[in-house]
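Open your viewer and keep the selection panel at hand. We will go from stop to stop, selecting a few residues each time.

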Amino acid sequence: MNFWLVLAINSVTLGGLLFLLSAGFSLIFGLMRIPNLTHGSLFMLGAYFGASLVLWFHVEFWLAAVISGVLVAAIGAGIERLLLRRLAGAELAQVLVTLGLSFMVADLCLMEWTGDPISVPTPPGLSGAAHFARLAFPAYRLAIIAVAVVVAVALWLLLERTRLGAMIRAGVDDPQMARVVGIRVSHLFTTIFALGAGLAGFAGMIGSPILSVYPGLDQDMLPLALVVVILGGTGSLLGSLVGSFIVGFLFNFGQALLPDLAYFVLFLPMVLVLALRPQGLFGRYAP
Amino acid sequence: MRTTLNRRKFLLSTAAGIGAGALPWRAARAQTGKPVRIGLLTVKTGPLASGGVQMEQGITAFLKDKDYTLAGRKVDFISADTGGNPAGAKTKAQELIERDEVDFILGPLAAFELLAITQYVEQHKTPMMSLAGADDLTQRKPNPYFVRASATSSQAMHPMGHYAATEMKLKRVITIDEDFAFGYEQIGGFQQVFEDNGGRVVKKLWPPLVTADYTPYLAQISDVDGVVQGFAGSNPLKFMKQYADSGLKLPVCGGETAGDDALLPHFGDEAIGLISACPYTIDLDNDANRKFKALLKRDYDVVAGFYAAGLYVIGMVVEAALEALHGDTSDKEATIKALRAVNLKDTPRGSFHFDDLGNVVGNVFIRRVEKVGGSLTNVTIKTYENVGQFWPYDEKAYLAHPVYSRDYPPLKS
Amino acid sequence: MIPSRLAVAAALAALATLPLWMSGVFYVNIASQILIYAVFALGLNVLVGYAGLVSLGHAGLFGVAAYGVAYLLAAGFGHGTAIFAGLAVAVLATAVFAALALRATGIGFIMITLALGQILWGLAYRWIGVTNGDNGISVATRPAPFGVSLAGSTAFYDATFVVFLLALAASAVFVRSPFGVSLNGTRDQPRRMNALGYHVWMIRYCACLFSGLLTAIAGILFVYYTEFISPQTLALASSAEVLLMVISGGSGTLLGPIAGAALVVIVKNVASAYIERWNLLLGAIFVAIVIFMPEGFVPGTIRLARLGLRAAKA
């Protein structure tokens, strides 16, 4: 009994982290039609920034997380304006550029922080196990779930209740019409890319006490984000949320129950969705 | 039009290749006066990087102290990063042997890297000295050009199994270790001796080398009185933290890398009470160990540990062999013979010699992590002396059974 | 101006006699690597350049062929059986994957192939019972066709060169055939092709199979070259690397992928002696080529050189 419960809660935690990572990816993919293959590297970059802030500049944990998010958002905005915008319309070229960038970011991180994994301490007060009803569970992982929920609500409010959100939704539904109506789509693109990148960087830092920060973190997280977005549907916040939890469960239970086929269990649904229902569970259109 | 342009580029690049290849890269060199070239295969990327960096520190501290001169010959030292995986080890081994023409290869770090390159290195007859486990390299598939001064993967875990059964009085354990050769051989060694002394391994868990989150495995630990792990590199840090965070309080036994002295400054209080078995221990009180620890502190400001000690000791063996050869490394057979004949008394790990298969026979120390004066350190609680790779078994009987693997020894039903 | 046919013949002659004039076993081995990856890139280019379908999962097929050979050799079968099995299992995998992947085009195709590549990588990595996981599988001996042992680097290079020539010839024939031309048509104007009565899906499917075959051949050469296979060979980074070779050299041309393969292998192996962070260099080259020379390094440099000449004249 304990085994199932522990795994279930852990799945929800991973789901929360994946939501933070993939919400941005989904918006970028939905609005700009770019599968941003640099997203994993942005996650890792945020984790490295956060680790440096906490370990060497002694910044408080949550503040460091926000600062990392902002830094990565700025970098994301730079990438979009300087590189991706030149290739507007050339989707394939954009995919390839993000791929090349991921190589570069990964190597720059290796140069700056060396190859040794960095362990970020859990924020004080949340370390150790929380106990209820004879069960012990790492307190910090529960905190991540809470953060994910807060961010999900905030994003939902942004999309549904603000003008920016309305413009984003319009852009996702029909970019040509959005331009005709007078929405400055190119500004929107930069904003969304920055927002997505910032979320990824924030997620990287938040996840670091659990995952630690190491070279290859980007290549471990990117495929998971891809599966989430494909399963849930591009451009859909609800899709990202549901997809994240599905992937969280598939990953955890796969590792525990079918270790030999852990990745098969994870990617097969992605393949099937792409082949049979390309728009995913809640997406508006096929990639 | 396009095809013509491509052909021209093709011709140009071929011409460039010809030009580059025909340059006299290698001038003929005379043997005497030529520096001895030592290549190090280490890991500077990934979970094993912390060990790899220390390996390099250990050997460079040794060489620096000797002013890069051994037995009267200057030393050319080349370090290569394999990335901590067999494919990378293969590539770098090829570079060291074919491009840099090294006289000795030190390393690699990991057992699975060693297994991938041993055939190749043997073909080229390059003497190789590694601290990687890979039992079979000195057992069932011996490489005649290989010398191991640290231990086979199972060598330190045999005494650990003995200690766990006879002194800790554990009866049922779950083992958890990385899913690669070093992991299998450590756990196999522990299981063999532990079960021969009345204990029982109930379940074996194998997370991949790169695992961010051990929770799916920790969730499976129940109904036992102890946990056995053999994590390497920086994984022990992650594991112990997540172990404590999940509320588990069972005693933990570890291998030579699990309680590595060099990792202790990075552990939190969750490591207190961790028992480990290692061929090196920081509190061994002899001249060589004191000097070694001081050199590391002076050159790199780090705490000494298994990886650094391993390479420092290898440096001592290479020096002793070179002195016996009077600096002449031209005869590969003589070189390997000299290496295997080395017998040292005062080293950071105590005295040792090599058996017929090139593996070390020396001490294994059982230590416990304790908090002394505000910081964590290993305190030696028992020393098993003269432990060879087959201890406590007879060589023939031991070699008759297959090498330790994921499924050997099998779980008792 | 050297006639282009002569140039090609000279280049091939130089390659054929490479072990004679290239000094050092290390560099002969690098040449072997270049040829192996050239075959791999030629295979991928059939899809990327001629069919307009970008795959990010080809390293999976490459690896499947390699694992097939390694597994059977380790199980005690002979080289002939192992090679045949390696080819068969890789082409079979291609047949299944192409059927799934061709349900999408454009970005969707990229995503499916990425996922399929990851599935294969995941199996190689975790299906320890079959693939030995991270430990990899070693190959003890190389084949000895017609009694000539390929154990030495020169002999192996010569054999690789022969296979490379055959692959290049096969690609040339394929590309210039009516089928190849119709493949170009499905890339440029799929709807019109359909309207004209061509079975676009079937054309693409056959192209996938041919691509898979070339990739499998490269994979088999590879596993005999390194005498070892591990999951790393199937990782996303490997698929990205071969894609880089195709695009950097110039997709849609026959010799472009070869130049691209040479570029990447040289940067990886030779430059890595001087620049430790060569991955950064590779990524930067990739980005620069995609932005400034999307048609490929070769046509791009010529174009820029022409622009420079024109500017100098003006």
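What follows is a walk through spaces, surfaces, backbone features and charged pairs.

Before you start, note that this is a predicted model: local features need pLDDT of at least 70, side-chain atom pairs count only at pLDDT 80 or more, and totals for chains, interfaces and linings use all residues. Residues are numbered from 1 along each chain as its sequence is written, chains are lettered from A and ligands numbered from 1 in the order in which they are written, and side-chain values use heavy atoms, with hydrogens and water left out.

**Stop 1**

A pocket here is an open set of points on a 1 Å grid over the protein atoms alone, with protein on both sides within 12 Å along at least five of seven lines; lining residues have an atom within 4 Å of a point.

Helix 2 (39–56) and helix 4 (91–113) of chain A, with helix 2 (49–65) and helix 8 (235–245) of chain B, each supply at least two lining residues. Helices (H or I, at least four residues) and strands (E, at least two) are DSSP runs, numbered from the N terminus. By type, the lining holds 19 nonpolar, 14 polar and 11 charged residues. Ala, Val, Leu, Ile, Met, Phe, Trp, Tyr, Cys and Pro count as nonpolar, Asp, Glu, Lys and Arg as charged, and the others, Gly among them, as polar.

**Stop 1: enclosed cavities**

How many cavities of 30 Å³ or more does the structure hold? There are 11, a cavity being a set of grid points where a 1.4 Å probe fits but cannot get out.

For the largest cavity, with about 160 Å³ of space, select S55(C), H58(C), L61(C), F97(C) and T113(C), the closest to its centre of 17 lining residues. Helix 6 (107–126) of chain C is one of the helices that each supply at least two residues, and its five residues are the largest share of the lining. The lining has nine nonpolar, eight polar and no charged residues.

Next comes the second largest cavity, of about 140 Å³. Select P209(A), I210(A), K241(B), Q242(B) and D245(B), the closest to its centre of 16 lining residues. Helix 5 and helix 8 (185–211) of chain A and helix 8 of chain B each give two or more residues to this lining, and helix 8 of chain B gives the most, with four.

**Stop 2: a nonpolar patch on chain A**

Show the surface of V149(A), V153(A), W156(A) and L157(A), which make a nonpolar patch of about 360 Å². Patches are made of residues with over 30% relative accessible area and no salt bridge, with nonpolar side chains (Val, Leu, Ile, Met, Phe, Trp, Tyr) joined within 5 Å; areas come from the Shrake-Rupley method with a 1.4 Å probe. L157(A) lies in helix 5 (residues 139–161) of chain A.

**Stop 3: backbone features in chain B**

Zoom to G107(B) and P108(B), joined by a cis peptide bond with omega about 5 degrees. P108(B) is in the loop between strand 4 (104–106) and helix 4 (111–123). Another cis bond runs from Y408(B) to P409(B), with omega near -5 degrees.

Then pick A71(B), a residue other than glycine whose phi is positive, near 50 degrees. A71(B) sits in the loop between strand 2 (69–70) and strand 3 (73–81).

**Stop 4: salt bridges**

Across all chains there are 26 salt bridges, each a side-chain nitrogen of Lys or Arg within 4 Å of a carboxyl oxygen of Asp or Glu. Select K92(B), E95(B), R99(B) and D100(B), which are linked in a network of them. R99(B) and D100(B) pair with their closest N and O atoms 3.6 Å apart, and both are buried (under 20% relative accessible area; exposed is over 50%, partly exposed in between, with a 1.4 Å probe and protein chains only).

Finish at D136(B) and R140(B), whose side chains meet at 2.9 Å, N to O. D136(B) is buried at 9% relative accessibility, whereas R140(B) is partly exposed at 23%.

Terms used: Patches are made of residues with over 30% relative accessible area and no salt bridge: like charges are joined within 9 Å, nonpolar side chains (Val, Leu, Ile, Met, Phe, Trp, Tyr) within 5 Å. Grid points are joined across faces, edges and corners, and a volume is the space filled by probe spheres set on the points.
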